[in-house]
Structures are given as structure tokens and as C-alpha cells.
Amino acid sequence: MDRAGVRPPAPPVPALDADGNPVAGAPAIVRVALDTPLPTLFDYLIAQAVVPGQLVQVPFGRRQVVGIAWELTQRSEIDPAKLRPVTAVWHELPPLNDEWRRLMAFAARYYQRGIGEVALPSIPGHLRTPLRWPRLLAQRGVQRYRLADGAAIALQDGVPARLRAQRRLADGLIDAGTLDADEARALCAKAPDVLKQWAAAGWVTIETVAVHEPLTGHAGPISGEAPAGDDWTEDVPAHAGSATQDALAPDAGRRTLTTGQADAVAAIRDALAERGGTAPFTPFLLHGVTGSGKTEVYLRAVAGALTEPDAQVLILVPEINLTPQLEGVFRSRFPNEALVTLHSGLAEGERARHWLAAHRGQARIVLGTRLAVLASLPHLRLIVVDEEHDPSYKQQEGLRYSARDLAVWRTSQLEAPVVLGSATPSLDSWRRTEQGRYVRLAMPERASPDAVLPRVGLIDLENERKRQRAVHEGLSQPLLAAMRDRLARGEQSLLFLNRRGYAPVLSCDACGWISDCRRCSAHMVLHKPERRLRCHHCGAESRIPHACPDCGNTDLAPLGRGTQRIEEALSEHFPEARLSRIDADSTRRKGSAQALFQQVHAGEVDILIGTQMVAKGHDFRNVTLVGVVNPDAALFSHDFRAAERLFAQLMQVAGRAGRAARADGPGDVLIQTRYASHPLFAALMRHDYEGFARQQLEERQQALLPPFTHQALLRAEARQLAQAMEFLKTARALAATPELADERISLWDPVPMSMVRIAGTERAQLVVESPSRGALQSFLTHWIAELRALRAPVRWHLEVDPLEI
DNA sequence: AGCACGCCGACT
DNA sequence: GTCGGCGTGCTC
Ligand SMILES: [Zn+2]
Ligand SMILES: [Zn+2]
């Protein structure tokens, strides 16, 4: 197999002889991938040795850009007069290997983009800056300066602009998070002295870094909390992420696996051993109920893969900042293995170093979010996708790829195992297990006998109304009573409401005015603590009007409820309770989410109010009551995936109450609804994922929706909706022309998007679908070429496998 | 996408 | 007279 990462660089291509004349028969042209929407490679004359996979600097129009040498060829279709030579080749960087380039080519084809548009954004920015090339690879025993926590502002204010070199150094440090001595000196000649002063002021810390230092034993924010060694489970903080918590359940310390775990581990290890053998490649779907110990399976699968010298593994998680404990678990379980993280929260410099560690084969464990699936991993032998159903694996802008799907494709090419783990698998993955395309590894038992599933109960709001029991600010009497009970026992309650702000609309009773955003077809949301109206779609903000802008009425009413309003109502209802609200607004500042979670774990909070942020990752040992305030909107959404998402979300948030529970029994989940007879709730109360999946898949099959068909979405946006619609109609007509028409393809009518206007542009979309993936792909390729040729005055893009339509 | 060139309106 | 608006066209 592909071992390009350890292979010595390929011999130089002798394009020119000693006199500078082309050698007969040698490739004279290199085709280069560039980050441009033009869907082609670009041909350049080979002026110096270059091999595919190397980064090159080339002239492009009037500027110099970095590209990837993709292939070599004898001749070009381009007018020879137009061909220009490569400016520079980065010889020191090992070439990006075939496996990575095939992955990029596949993603480009599948998502209907140019190769360069996919490949270049997958590489850290610093590697696309030739000025940085000389410094990026030299990393031996150097001083490293790290910006101290929270010191960015002090540094920003403390260094006056007139000290230009110091200012540059400060900016560089704030930008990159860490600087090595040579990088620092490049910014400021007196860097060592300056940085010593800054260290004295507490703004930076100084470390001495060995060659492979960033990879092992280096304290990330969490490692060090957990001791290494065989009894690692004993002392790891109990407040770990969901999967993490599985591994940390009390009896995990005995290191005995349940039958389900043992079977799963055995199946994955068999697949690891069979690699390259005759067995067909099959992905694993690890279906483990809450508390079944998925993380322990991951850990042992990883351990199995790493027995092979040089092998690398990739662990994908939905959002790394919500599951920071998982990093600690892996670091302490594999204290001698190099581990790096890859996610969008890393500073540029760190991102480049981590990416290079993966690319050079130094990092053996790469833990990251969706973008990590695009990293260069020359010895990749296993991918784990934790919470595989999570929508954040789908990139929602730019190249709209699904990291989970690319992980499956990537491992299929390598014939390496992939483990997709979830308590509520996506229906797409579930269906594939039914078809035998994925192998299902079921873990129905909980790893820890005293971890019990919570009781799920409904509060029928219709019934409450009939019985004339007051609902106070959206909180019913039974829910308030249950919370009061928890307060009395000193236990914690968690209220889940997927709506931030105080109220989604502000309105005038007198004339009907409502707080619409001027630039969007959405309401401005009232944010009370910030004393602002905010549009969640375009970011527009204004002060809260003291009187109605239309009629002057001073009695403006907030309509509906968000987390802030629930928090306010609770503080009045339970004045003695300590409340904490965790949502995107209360955790805007870096590190504040961690701090809030920490307070909850430390028992400094009685009632926690949160959006989906609290559903993911964190477990709260003392939470014995989870209240779901208002899930009803998702029950009747026009999006056919809304029920699937809601079920997963409620199962996940219910799991927050399912662990330590109370001495006298399981925790409780109370769901307020006006539709108590909805089958989704019935399945939820039985903890019956399989029943829910069966029923949903039947509905999808009858309606011929995914996964029983494949979809793509053409979206257009323009100043006027009519222009966007016009474009889509033209596109639809094009699809009916004889050259493109295909009876396996169907196109829906173009429609305005449900949120028509965002930030002043109006949007519409057109669904294309086909039961045949191949037919869809080839149709899209030809169609998109025609669309490009239209040169229409609208912005448009194509999304393959859209999550929301 | 950038980044040019280019051809018309209001500013020194 | 020229500064700058963004329409159209090209990048190997
Ligand atoms: Zn009014
Ligand atoms: Zn808006």
C-alpha cells in the first residue's frame, strides 16, 4: 500500500538537461491544483524538479499563488505562448501522497467542485504562504513562547503602537497563540529580551521544546489531570463527556468488558488484522445505548491499530470544545503515543504544526472535528466517528462535505476499518446496516449496572390547560414541582430549550408592529441582559425601542420564550436557587463554556438552563431531572429530517439524567408537549431507537425520501427573489433538454427558501433527486457545466446530500 | 474568487 | 481635468 510518507522523496524528474534543454520523453508540464472556482488544473512549465503532491508557488494572472503539483504530462492543450514556469517548489516537504490526492479528487467529483477548491483549503494557511516555508519544518529543541490564558487583551493594550517591532511580535503571538524562538526573532530582533519581560509580567510562558515535543507528554489543557497507568480510570474527573463517561463508569475500572463490548472489540480487531486479506471491506456501526461503554471500544480498537508500527488512527468528534475530556482520556490511555488535535479553534501556527505532525507520520493519534478527515495521514489504519449522527459532521458553507461519509470512503479505499458510533444512528447509516453494507455492532447492555436509564415522562400541556392548572412562563406545575423536589434534595435540574435570547419577537399590541429585521425575513430576537434586539441570521443589532416605532405605544410585549426568559422566570419562582444559563450567548468568550460547566460539576449550580450545547458531550453527575421545555415546533416541521434530529437530541439530553442518578432510583426526564400522543414520544419513553427508526424508515420509503433516494440542491441568491427564481427555472429547463434529460432524474419546482431573505439577499432552491447515485452524479456534472456557461447574474451553488431542505 | 481594464458621473 | 462606481473578462 501507499507509504509515500516514509518513502524517500521520489527522484527528481530530469525535465531539463545540463544545458537547460528539455530532455526527450521527460514530462515537461506539471498540472497544478489551485484554489479557484474554475474546475480545472492549470498547466505550468517545469523549470525545476517537481513530483506530484509537492506544494509549488506559481504565477496566476497578476499574482503569485500556492498550488499542489497534481500530475506530470508531456504536452499541454494550452497555447504554448501562455504557459509560464513554476516559480518555486517546496522540496523539503514530503509530497502529499496518492491516497490523499485520491481522497481530494473523490471529494471534488462527489461534491461537484474543482480539485483545487477542495484540496487547497484542506491545507493550513501557513503552508500556503511561501514566506513561512523555510521556518515550518525546522522544529528542533527551540524555545517556545505561549500566550498566557487571558493575556491577549493585556498584551494588546500593554504594547504601544510606536514600538513597531514589539507591536508586530505581540500581534504575531496573539494571532498564533504560540511562537517559536525563530519565528519570534523574525518579527522582532530583540524578541528574546522582550519576551522575557512579558513572561515576568505573566503574559507569556516560556517552554523549551524538543523535536517531537508537541506530540507527546505535553500538557494540553487537560492532560495531567489524569494519571497515566493501568488504573487510569480511577482518577479521571467524573464530569466527562458522554462517550467519555461510558469509559469512566465505575466498573470500567475493573477493565472487564460487557459481552457487547467484547464482541465489538473482537470484530474491529479482526478487521484490522484482515487488512489486505480477502474479506470485503465493511464499515462498523457501533450502536451503543447511553452508558454502554462506546469509548472503551474506541480505546481498544485504537490500541489494536497502534500495535502496527507507524500506524495512525483518526478519531472524529462533533465539536471538540464540548468534549474536551475525550482528549484527556486518549492522552492518559496512550501516554507514550503522539497525539495531536485538529479543529477550527486552533491558532494558525498550532494548526500548521499539528497538521504537519500528521502529514509526516509523527502523530499517531489525530483527534479532531470534521476538517480532520481531510488531513494527510500517510499511515492511516483506523477511523472512529463518534456520534456519527451529529449534524455538525456536515459542513454548512463552502465545500459542503460530510466528514462521516468521506471517512467511510477513505477507509474503503484503504481497506481499513471505520467505526461509526452512536446511541441514535443516522437513519442513513441504520438503513445501510439493514442492507448489509455496514456491520452492526450492538451494545444493548450498560457497562455499569448501577447506571440506569432515566424514566421518561410526558407532561400533557393540553391536559394541564383542561384542568386549569396554570402554566407559569412556559413551565407547567408538574415540572416546577419536580424541580422544587430536586432543590430540596440538593440535586441538580437541567432545563433544555433550543432557543436562545429572551423572546423571539417583540411586538406592539396596539398596532401590530413586530420586531422584523430590515435585511432578513426573520424577527429580531430580544436579548434582555444585553439590552439589544438581535437578528440571529445577519447579526444586525439595535437598541430595544422604548416605544413602538409605528404608533408610539410604550407597552411593547415580548412574545415567546427563550433561555433568558426561562432563567428570569426561575429566578423569581425559586429565588434561593443558584441558576446557570449555558447557550451561545453566555459562552461567547473563549473558555467561558468550560468555566460554566466547571461550576455545574462543582455543585455550585442548582438549575441549569441550556440549548443543545448542554445535550452534547457533558455529563452532569448530580443532575437527576431533565426538563424539556418546548420540543413541539420540531414535530411538525416541513423538514423531513426534523423528527430524526429531535429524537436524537432528546435521547441525548435524556442521557444527561441517566447516569449517577439518585440512590433511590433512576433520574427523570419530563417533556412538556401539547401532542402527548405523538409516536416519537412513545418511542422515546421506551428508549426504543429501533422502533423509531423502523417507523421513520417506513415513512421515508413510502414518500421516497432519503435514504431511499439521493438528493442534491441547487440554491440561487440575488437581490431580487425573481432573479433567483428565473435562474432556477432556466436551470430546470436546461435539465429537460435532450442532451441532459434522464428519466432516472427528477427535479422539483423551484421554490423560495423558507427563510427567503438573509442580509438583503433573497434565496430560492431547486431539489434534484434520483434513486440512482450514479445517474445523479453524472447528471450534475453535465448540468453544472451548462449552468456555469449561462454566466447568470446570480450567485448559486450546488449542495450534494443536503441535510436540510 | 481575485484582479484587472474600462467607460461614465461628481469632486478638487 | 481625475477619482471612483461596479460591469465584463481572464487566469495555465
Ligand atoms: Zn404600535
Ligand atoms: Zn437579519
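**DNA contacts, zinc site and nonpolar cores**

A sugar or linking oxygen of DNA strand C lies 2.3 Å from a polar backbone atom of D43 in this predicted model. Of the atoms of DNA strand C that come within 4 Å of the protein, 50% belong to sugar or phosphate, the rest being base atoms.

The zinc ion (ligand 2) is coordinated at 2.3 Å by the SG atoms of C517, C520, C535 and C538, which follow the spacing C-x2-C-x14-C-x2-C along the chain. C517, in the loop between β18 (505–508) and β19 (525–527), and C538, in the loop between β20 (532–534) and β21 (541–543), are 21 residues apart. The arrangement is tetrahedral, because the four donor atoms subtend angles of 105 to 114° around the zinc ion (ligand 2). C517 counts as buried at 6% relative accessibility, whereas C538, at 22%, counts as partly exposed.

The largest nonpolar core has 125 residues, and those with the most contacts inside it are I68, L127, L316, L650 and W783. Beyond its neighbours within four places in sequence, I68 is in contact with residues including V32, L55, V56, L96, W100, L120 and I123. A second, separate core of 30 residues includes V265, V313, F334 and L382.

Definitions and conventions:
Residues are numbered from 1 along each chain as its sequence is written. Chains are lettered from A and ligands numbered from 1 in the order in which they are written. This is a predicted model: local features need pLDDT of at least 70, side-chain atom pairs count only at pLDDT 80 or more; totals for chains, interfaces and linings use all residues. Side-chain values use heavy atoms; hydrogens and water are left out. Donors are N, O and S atoms within 2.8 Å of the metal (3.2 Å for Na, K and Ca); water is not among the atoms, so sites may look incomplete. Four donors count as tetrahedral if all angles lie between 85 and 135 degrees; four count as square planar and six as octahedral if opposite donors are over 155 degrees apart and all others between 65 and 115; anything else is irregular. Helices (H or I, at least four residues) and strands (E, at least two) are DSSP runs, numbered from the N terminus. Buried means under 20% relative accessible area, exposed over 50%, partly exposed in between (1.4 Å probe, protein chains only). A nonpolar core is a set of buried Ala, Val, Leu, Ile, Met, Phe, Trp, Tyr and Cys residues joined through side-chain atoms within 4.5 Å. Contact means heavy atoms within 4.5 Å. A residue is near a molecule or strand if one of its heavy atoms lies within 4 Å of it. A polar contact is a pair of N or O atoms within 3.5 Å; within protein, one must be able to donate a hydrogen and the other to accept it, and residues adjacent in sequence count only if both atoms are side-chain atoms.
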